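Have a look at the model, then read on.

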Amino acid sequence: MAGPQPLDRDKLFTINRATAAEAAHEALFPIQEKPPHAMVAGIAVLFAAVCNRTGVDPHDAHTFAMRLLKPEAFDKKTNDSLQSLRDFAGIHIKGDQDVSIS
């Protein structure tokens, strides 16, 4: 088994939406039972630590992630996967009572 691979910035900023969505779901799964404030703080600390340690500009990473969240025509499966992340944040973190179906 190979050891950890260094961050490839080209791959980071050209990752396909489905792979990014899958990784986000996998990262969220173990912490989804934490209280909302702990989830947000934990995700924020992890994001800051990764950006700090790898030298990735947090603003660039956030801007890129926001672009990935935008629905794309002919990519319903990934659009739905990313929408479920927004729905989770709305219901379980923000406290929304329901979600809107688009």
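1. A word on helix length before we start: the expected span of a helix is 1.5 Å times one less than its number of residues. Keep in mind, too, that this is a predicted model.

2. With that in hand, take H5, which runs over 76-94. Its 19 residues reach 25 Å from the first C-alpha to the last, close to the 27 Å expected. Just past the end of H5, Gly 95 takes a positive phi of about 95 degrees.

3. Which residues of H5 are buried? They are Thr 78, Asn 79, Leu 82, Leu 85, Asp 87, Phe 88 and Gly 90. These buried residues pack against H2, helix H3 (36-54) and helix H4 (58-69).

4. Now for the largest nonpolar core, made up of 6 residues: Ala 21, Leu 28, Met 39, Leu 82, Leu 85 and Phe 88. Leaving aside residues up to four places away in sequence, Ala 21 touches Ser 81, Leu 82 and Leu 85.

5. Phe 13 sits in the loop between helix H1 (9-12) and H2 while Phe 64 belongs to helix H4, so the pair ties together parts 51 residues apart in sequence.

6. Are the two partners buried or exposed? Phe 13 is partly exposed, at 30% relative accessible area, whereas Phe 64 is buried, at 10%.

Technical notes
Residues numbered from 1 in each chain as written. Predicted model: local features only at pLDDT ≥ 70, side-chain atom pairs only at ≥ 80, totals over all residues. Heavy atoms only, no water. Core = buried A, V, L, I, M, F, W, Y, C linked by side-chain atoms within 4.5 Å. Buried < 20%, exposed > 50% of the residue type's maximum accessible area, 1.4 Å probe, protein only. Helix = DSSP H or I, 4+ residues; strand = E, 2+ residues; numbered from the N terminus. Contact = heavy atoms within 4.5 Å.
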